[in-house]
Amino acid sequence: MDYLRAFIFLVLTLSAISLSDAGSVGVNYGRISDELPSAFKVVQLLKSQGIDRVKIFDADPAVLKALSGSGIRVTVDLPNEMLFSAAKRPSFAASWVKRNVAAYHPSTQIESIAVGNEVFVDPHNTTKYLIPAMRNIHKALVSYNLHSSIKISSPLALSALQNSYPSSSGSFRPELVDVVIRPMLDFLRETGSRLMINVYPFFAYEGNSDVIPLDYALLRENPGMVDSGNGLRYFNLFDAQIDAVFAAMSALKYDDIEIIVTETGWPSKGDENEIGASVANAASYNGNLIRRILTGGGTPLRPKADLTVYLFALFNENKKFGPTSERNYGLFFPDEKKVYDIPFTQEGLKHYRDGGHNTPPATGNQQVTPPINGGGVSKSLTGSTWCVANGDAGKDRLQGGLDYACGEGGADCRPIQRGAPCYSPDTLEAHASFAFNSYYQKKGRAGGSCYFGGAAYVVSQPPKYGRCEFPTGY
């Protein structure tokens, strides 16, 4: 009987290990909307769907209180606009941790802090404050003896990579390596934390649908592609993008650091030029990704690297700037009804079938050749037009559009940083004009790409802001 008990214990232990080794799926709870349910209703929604991880973009007291006692693990965010204060004043960092973390944990199960978000593309040039802010927040956690249970990182956009195709050639932008990438990876190694990365295969597909088959982007069955650098075969763009980040870290000798995907998703609706944005494609991408994560297994380059992935986003958010897709990444409508039906648990996967699996690939049986640099757009050869800011739109609308263009929009805003060629004149209208135009040109000057909530318009004469030259293509 003792042998039988020992055997049963061993089987149960191995089963638990097997389950714990599988990946985990959480969700981003964004709130840029005026029609969302209360935080308490949101917590009940999360629990009813079996979602046990959530990431928020601040540390809102109402949300943290609602999550108390729920058993849902939480990632909070120190916003970019607070990086300067957290970096320059340890007392500010200590006060922030006291008010927003220590006051709620462990009843609210905070497991990590995202310090900033996609800081390298932040138009406010906050990169230099990132590492000091991370270290000051960590010191504050140490003072409360929370540093073992709560980890710190900072989400990077895939644009932090200089190269991402083929995956084996992944590398970080050289101007970031010594200034911030190495120091960040050193910090993550010291503290046992993971690198946070935001990955959107949709952006790569949208801009390069002529060379990236839809099935490859949506994690459907496809012949895959072989990485010419290491001979590994990839069957989806998500894995390829993740391995490009692993390769970039490996090139700098940081093979021991794990990755957590803090944002990924696919919009259910978009403007006419936003190729691939549809309910069927969103359901396929998110449903197939959930299945791929929860059934375990890593990437071709890191087969044992089970991932934690946060889907973007919980709700459609009607007050977000940018194209139609920005307001339609939600898994749920504000009335808590599903935008499309996909499972979020292993149990639900037993009955899951990709509802859009019969949708034909948009590009036929072409070779899978994802673009260099994470999806750059080639130069447009159409007539010359530019997108500029509407000075009468108001400061808030211009700033919101600028933040979107330089952040999620993927505009090249390096020329308007301090000391760069287009920094002067240092006005909101001038900087917004450059950013809007960069976004507009990268979108191939498509209809609807020069709007920004009414803050921009198209002109046919070259804009003149100091000595700055506005590009007409990328």
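Me: In which helix is Asp-239 found?
Reply: This is a predicted model. Within the model, the helix in question spans residues 237-251. Asp-239 is found in helix 10.

Me: Is Asp-239 buried or exposed?
Reply: The relative accessible area of Asp-239 is 8%. Buried means under 20%. Asp-239 is therefore buried.

Me: Which residues does Asp-239 touch, not counting residues up to four places away in sequence?
Reply: Sequence neighbours up to four places away are left out. The contacts that remain are Tyr-234, Arg-292, Thr-299 and Pro-300.

Me: How are helix 6 and helix 7 oriented to each other, roughly parallel or roughly antiparallel?
Reply: Helix 6 covers residues 127-143 and helix 7 covers residues 174-191. Their axes come within 10 Å and cross at roughly 15 degrees. Angles under 35 degrees count as roughly parallel. Helix 6 and helix 7 are therefore roughly parallel.

Me: How do the residues of the contact of helix 6 with helix 7 divide into nonpolar, polar and charged?
Reply: Helix 6 passes helix 7 in a left-handed crossing. Helix 6 brings Thr-127, Leu-130, Ile-131, Met-134, Arg-135 and His-138, and helix 7 brings Val-180, Pro-183, Met-184, Phe-187, Leu-188, Glu-190 and Thr-191. The residues of this contact divide into eight nonpolar, three polar and two charged.

Me: Are helix 13 and helix 14 roughly parallel or oblique to each other?
Reply: The axes of helix 13 (residues 395-406) and helix 14 (residues 428-442) come within 9 Å. They cross at roughly 40 degrees. Angles under 35 degrees count as roughly parallel, and 65 to 115 as roughly perpendicular. Helix 13 and helix 14 are therefore oblique.

Me: How many nonpolar, polar and charged residues are in the contact of helix 13 with helix 14?
Reply: The crossing of helix 13 and helix 14 is left-handed. The contact residues divide into 10 nonpolar, three polar and one charged.

Me: What pattern do the disulfides of the protein follow, with bonded cysteines counted along the chain?
Reply: A search of the whole structure finds three disulfides. Cys-387 pairs with Cys-450, Cys-406 with Cys-413, and Cys-422 with Cys-468. Counted along the chain, the bonded cysteines give 1-5, 2-3, 4-6.

Me: How many residues apart in sequence are the parts that Cys-387 and Cys-450 tie together?
Reply: The sulfur atoms of Cys-387 and Cys-450 are 2.0 Å apart. Cys-387 lies in strand 14 and Cys-450 in the loop between helix 14 and strand 15, so the pair ties together parts of the chain. The separation in sequence is 63 residues.

Me: Is the disulfide of Cys-406 and Cys-413 left-handed or right-handed?
Reply: The sulfur atoms of Cys-406 and Cys-413 lie 1.9 Å apart. Both cysteines are buried. The torsion about their S-S bond is about -85 degrees, so the disulfide is left-handed.

Me: What is the handedness of the disulfide of Cys-422 and Cys-468?
Reply: The sulfur atoms of Cys-422 and Cys-468 are 2.0 Å apart. Cys-422 sits in the loop between helix 13 and helix 14, and Cys-468 in the segment after strand 15. The torsion about the S-S bond of Cys-422 and Cys-468 is about 85 degrees, so the link is right-handed.

Me: Is Cys-468 buried or exposed?
Reply: The relative accessibility of Cys-468 is 9%. Buried means under 20%. Cys-468 therefore counts as buried.

Definitions and conventions
Residues are numbered from 1 along each chain as its sequence is written. This is a predicted model: local features need pLDDT of at least 70, side-chain atom pairs count only at pLDDT 80 or more; totals for chains, interfaces and linings use all residues. Side-chain values use heavy atoms; hydrogens and water are left out. Axes are lines fitted to C-alpha atoms, for helices over the stretch in contact, and angles run from 0 to 180 degrees between N-to-C directions. Helices (H or I, at least four residues) and strands (E, at least two) are DSSP runs, numbered from the N terminus. Angles under 35 degrees count as roughly parallel, over 145 as roughly antiparallel, 65 to 115 as roughly perpendicular and the rest as oblique. A crossing is left-handed if the near helix is turned anticlockwise from the far one by less than a right angle, and right-handed if clockwise. Ala, Val, Leu, Ile, Met, Phe, Trp, Tyr, Cys and Pro count as nonpolar, Asp, Glu, Lys and Arg as charged, and the others, Gly among them, as polar. A disulfide is a pair of cysteine sulfur atoms within 2.5 Å. Buried means under 20% relative accessible area, exposed over 50%, partly exposed in between (1.4 Å probe, protein chains only). Contact means heavy atoms within 4.5 Å.
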